[in-house]
Structure formats: C-alpha cells, structure tokens
Amino acid sequence: MSGGFGPGPLMHLSLNLSEFGRHSGAWRHPLSDVGDAPSVDRYVQFARTAEEGLFDLVFVADTPVHTPGRTSVTGTRLDPLELLAAVAAETSRVGMVATVSTSYNDPVDVARRGASLDRLSGGRLAINYVASTGDGIARNFGLDAQLPHDQRYVRSNEFLEVVTGLWAGASDGTAPAAAVDHAGPHFTVRGALDVLRPAGGRPLVVQAGSSAEGRDLAARWADAIYAGGSSLPRAQEYYQDIKTRTAAYGRDPNGIKILLGIMPFIGSTAAEAQRLHDDLDAYHLEGADVIGHLSALLEHDLRAYDPEGPLPFADLPDVVVSSSVSMSTLFKRLAREEGWSIAETARRSYVGGLGNMQWVVTGTPRDVADEMQRWFEAGTADGFAIVAPILPQTIDVFVAEVVPELRRRGLVRSAYEGAGVRDTRRPRRVARRGPAGRLVTA
Amino acid sequence: MRLSVTITVPAGRDPGIGAGVALLDRVTAAVAALEAAGVTAVVVTPDRTPGVPPPAVEPTTLAGALARRTSSIGVVAADSALFGYPYNTARRLATLDHLTRGRAGWSVEAHPGPGEEAAFGVPLGDAVEQAARAEEYVEVVTRLWNSWEPGAVVPDKVRGDFRDDTRIHPVVHRAAHFRLRGALDVPRSPQGRPVIVWPVRTALDVLCAARHADVVVPWCPLRPTSRPPSVRSATPPRPRAGTRGSWSCCRRWPGVRCPAPSTPAGDPAAWAGAVRDLVRGSGADGATLVTDGTFDGLDEIASELVPALRAAGAPPERRGRRSRRGSLTARLGLAGLRQPARRPVAGEAS
C-alpha cells in the first residue's frame, strides 16, 4: 500500500464492449467475422459472457461524431442507451454503463431515458458522463467550436446537478413528482421528471478523465471512475489522489471505486500471446500515416522534421485545442522520458490507440491473474476495466481461465450478491448522494 | 387492414407492474401476443397527462428492449422533434433500426407535452413557429440518415478499409432553428431511414406530415372515453395541388380508442363494425388502436378485438411467411414509393 487508502478484499470487473475489440487491428484479424457489421448480436454475446464471468459492469464508450480514416476502427458506432436497452433485454444481472456527453445532450432528456432504462433493466444502469473533446463533435450540435476545457466541466457539473435533482424528485408511482427549479449558465430547467423514479434511486455515476477538472468532477459525483495508468507508481498516486479529493468533498472514500484499465493480450503460452499482440499491431500499422496521426494529436506538423530525431519539444504548442489533452500530454511525456524518436512516438501513439492510456499485459491467463493481483495488492485500483483488444477472444479466455484463477485466489466474487443488482441498490433511498451500489458494497 | 397499437407503460396503477425485468417481461408478453395476432406495428408513446402518475418508462428505451424480444412486428417510438438535438435523434432511431433489423419507426412528436417548454427551457412560440421547428428538425434527421450511401460499410480486410469514406457525406445545414455540419456516425440503417409516423391534430400538422410522413395518424387521443371514433377527424384533407408532398405514398391509420375492457359499452362486435366502417369510409389503410394504457387493455386487443375485426370482415394483415419477414417499409407497401431523403448537392459538402 502506498498511502492511506486501499481497496477492499474483492476486485471489481468491467468489460469495455466494442464490436471487434478495442485494438484497431482486431477487425482485420482472421478470428474476426466482419460479415454483417454492425452486429448487435456480437455486443449481446459479449455482455452475456461477461455476465457468466460475474462481471460488475459492461461499458459502452461514445464519441458522437463520424471520424473518417482508419486511425480508430473498433466496429460501427451505435447509440449507447439504445444498444444497452437491447443488452438489458438479454441479460439479467450484469450492470451496464452508457457513455453520455454532457456537452451535447440535454439533461432533461438524459434524466428521462436514464430513468427508463434503469427501470427496464431492474436497476442495472450506470452512466459515464464525459465532457467530449473536439470541434468536429461541436459542429454536429450547432456550434462552430467546442467550449473551452474549463467551461465544458462547468457544464458537466451543472448537467449532473440537474439530472440528479430530477431523479431525486421523481414520482415513485404514488406521490407526484417534485419539480426542479434550476437556472444556470448552461441550462434553465423548471419542471419535474415525467417518468417514474429510476429503479435504483438513480443510475450510478461513472466518470473518466485525468485532468484536474476531471478528477474533481469525479471526486464530487462519481460512484466509479475509469482510470488509465501505464506505470504502477503513477496508478498508486492517482488512486490516493482521487480518494483524497473524494474525502475533501465530505464523502466516504470507499464510495468511489477506481477501475483501472488493463489491456490483456492472452494466449495459451507467452509466445502465443505475444504473437497475437504483434499481429494486431501489424494489421493496424499496415499502410498507416503515423507521422500525420501524431501531428494531429500534438497539433503541430511533424512531417518536416527528421523522423529519426527527437520530438521538437520547443516548437510544440503547450496546450492542444482540439485533440485530447490527456493523450497529447502523455505522449510528450513518454517521448521525453523514454527518449523516443518522432517515428517511434508516432508508431506507438498510432498502434495502441486507447491502449496507450492503459496498462498492457501480454501473457498466459496465469500471467494476467498474477499481474492483476500484484497491481491490486499494491493499491492501484478497486477493480479493473478489461479493455479487450480483440473480441470475443479476450473475454472468452478471460472468463474461462483468468476468472477461475482469480477466484481460486479469493480475489473475485463466486456468485452475484443477492438476487441481482437491485437487491443491493436500496431502491427507496433517494438522498442527493444516492444509493450505494453493488460496486460500493461488495 | 393494417393495425398498429399504441402502447404506453403505466405506473403503479397497474397491478401487473413490478420494478425492472418483470416489467419488461410483462410488456414483452403483451407485444408478443399482438405480433402473433397480426398487428403490423406497436407505437410506443409517452403519457404526459398531468395529475396522474407518470409512465414507468419512456418510448425509445422500451422500443430498444422490445427490438430483441420481437421478430416481425414494427417497433415505432415516439420522440420529440422540438427538444434535444437532431443529431442525437437521428443516431438513436438509426440504432433502433439496426436493433430491429429494419422494423423501426419514429412517431414524430411535433407538439410539446404539458410543461415540456419550461422543463427544457426552450420557448417555442406560436403554433406556426412550432410547426416550422418540428419540420426543420425532421428534415435534418432524415438528411443525416441519408449521409451514408448504401454500401459505405464494406469491410475489406486485405486493403485495410473498414468503410468507404468517399460514400459518407457530411450534411451541411443552417436555417432558422438548427445548424449542423457533419455526417451521422451510425451507419446507414437497414431501411435507409426508419418509417416516419406523424400524429396529426391540426391543419398545420397535416401540411407537415404531407411533406415528410410515411404514415399519418389523425386524431391521436390517449385517454379512453365513451365517444365513438369520428370519421371526419380521421380523414385529413388532401394537400392542394402543387404542394411539395407526395401524399399518395403516405399511409393513413386513423387513431381509434379501444372499448374499455369488461364494460357494457365495450361490446367488441359493435366497436369492430364501427372501426371497419371508419377505415373503409375514409379510404384509410388501417387503424391505430389506442388503449387505456393498462396491460389488460393491451391483452384484450389480441384476445378479443382482433378476432372481432376479423369477424366483422376487417382482418389484420395476412400472416403469411412473406409478411412476417422484411422491413416495416416493405410491410407497409412503401418500398420504392417513399420520397428519398434529400441528397447533399454539389458544393454543399465541405
């Protein structure tokens, strides 16, 4: 343990759902059947497998913009709340996380749909509130450019105030709903929710984001947070920081669960796992303009420089405007610390995609269990978000071999608690901080 | 005769409702019976009547869950064309069309529910202004649905192209109520665009529906009364010659109230005769049956009212193998007849 706060005895598990896996080379792998994309059946199948593995959550990411090119291909985009409504119809226990952009939604609309899906699923919904990055998205929603970073987080806070207020005042079917009277810089809302209260009091609040504003937003609101950490000390620092910030808001630090992203490449031997990793990288890199990709990420044209030379740190903008602050900062730091050339930085930033934000483990099921145990016991996380590089291979092997191994070690649950999520979500409690979920109580 | 059934999900008033999965199971059972009875589509609608407990769920999420629990019935969800963002509406309903493999529809809410203006903080202006906003909203949504050409998703593992980006065209729209520049992020849906259902209550609605709707539903009440259906209100006037619409390919399904279950006034045979006369007399293509919002009311459609219609000489769609497959568009006989959504013109794409 590296500080004052530590996880409970059991690790929580979440699966990132995507059509072919989170590695952008996955769809080209011979294992992947791309014949009937978009295939809702695939999402449902992966969620059911996660449920067999007694996962806490399945997670659907969202960025509401069409991005041309081949940089990030994980399947076809579908609306998360609609997709999870279909998943809810075919699962019964696993929690479901829908990503919702606070910059490009109306809180009344989200309160309505969130309450509805929570009730349809028996209290299994969680919502991942993201601020969303990029001017391309803004143009889909009537703006020429996105709001400044700090303003997007002001809006996120206000968004959460409105949705949680509407849920807290909602009708339980006997008493009428209480109205919200809110006037803020981004929303003016006078009215009550026009569907019944969510089955679980309110859907769990999930966040991601590593900027100071993102951490504070999570500390104030979140029941769970998706974290990225490429080194163990950094993940430990993040864990302590989030718990400390949470306590500073007067909350129980155990009331926020930190789920650390792990991208596991799993094979029956270490060599087979490495080959899977190498093959996926190769499929994704083939024919790619990696320097162009890094130029866009860092918002500086790098094609004029020697690709074998270092990044021109002095020429780079301090703050990126349209690309991801977290990703650009990460790669500048890694390039400096590791002494990578422009070409190497470009290759790594391109090939891993989101994997760069994660901790990558390549090995046998036992290797993966070992590493998860080591990081868990080092106080880096309350659980893990399985960022599956290729689906269904990753989740099939994980549930068949890694989960039993973790169970033998007493690190994951051996049955869902109670009769389902709703049994542990205390549905009648609607205090502003809302109910503790299974995530919180297990 | 094609039948659609409007369903709302009531609150704690209905003893059949428990929280959560039991609720979905109960709705599924009712809709499965409608599907088996030959009903063409269910239209999931909100119930925003003030003073009564609100419905348990809202339409689009219930429709998404029903998508995986039905196999042939059309699944139409009511969704606002006044509040929110056209981009979100377009992706939500395109997703529903993917979930149902081409059985989805959008029932356009072009009027605000009680209190919605204040809740969303969007002042709407008078009826003309509202209609203009709704029409622009629908136009943007349909153009977004058309922003991916057929065949834009052809994953080519050898070349490494998952999509053909040259077949994906940004929509550029800038008008009185909305502006937008971008292509939809959800791929073209199985029907190209979900079926557009338009409940009409006013003459303005009729004009808007004439331009955009595939199915028009005149007079769409939600509360049961003892009043018989009105033939006059079920027959919208045809638009004047020279207007932009293609009214000829629009189906008309007047909304009629179901008789209250188990009451003397609710004689199924008399009701079925009235519905038959209404549909024939008005030249409509079918009817939209509006229930009292209870599960008993829904169950009674399959068990009593559809048989009564059949006995009255107005049977629902034949349940042959052909009609049980295929898109909602095809089941409505609209394939090839529908107005194509406007394609981007030269110079518009950025």
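Tutor: By class, the lining of the second largest pocket comprises 17 nonpolar, nine polar and five charged residues; here Ala, Val, Leu, Ile, Met, Phe, Trp, Tyr, Cys and Pro count as nonpolar, Asp, Glu, Lys and Arg as charged, and the others, Gly among them, as polar. The model is predicted: local features need pLDDT of at least 70, side-chain atom pairs count only at pLDDT 80 or more, and totals for chains, interfaces and linings use all residues. Residues are numbered from 1 along each chain as its sequence is written, chains are lettered from A and ligands numbered from 1 in the order in which they are written, and side-chain values use heavy atoms, with hydrogens and water left out.

The lining consists of 31 residues, and those nearest the pocket centre are Asp106(A), Phe141(A), Arg155(A), Gly84(B) and Tyr85(B). Two or more lining residues come from each of helix H5 (149-168) and strand E6 (188-191) of chain A, and from each of helix H3 (86-99), helix H5 (127-145) and strand E6 (179-182) of chain B. Helices (H or I, at least four residues) and strands (E, at least two) are DSSP runs, numbered from the N terminus.

The volume of this pocket is about 630 Å³. A pocket is an open set of points on a 1 Å grid over the protein atoms alone, where a 1.4 Å probe fits, with protein on both sides within 12 Å along at least five of seven lines; lining residues have an atom within 4 Å of a point. Grid points are joined across faces, edges and corners, and a volume is the space filled by probe spheres set on the points.
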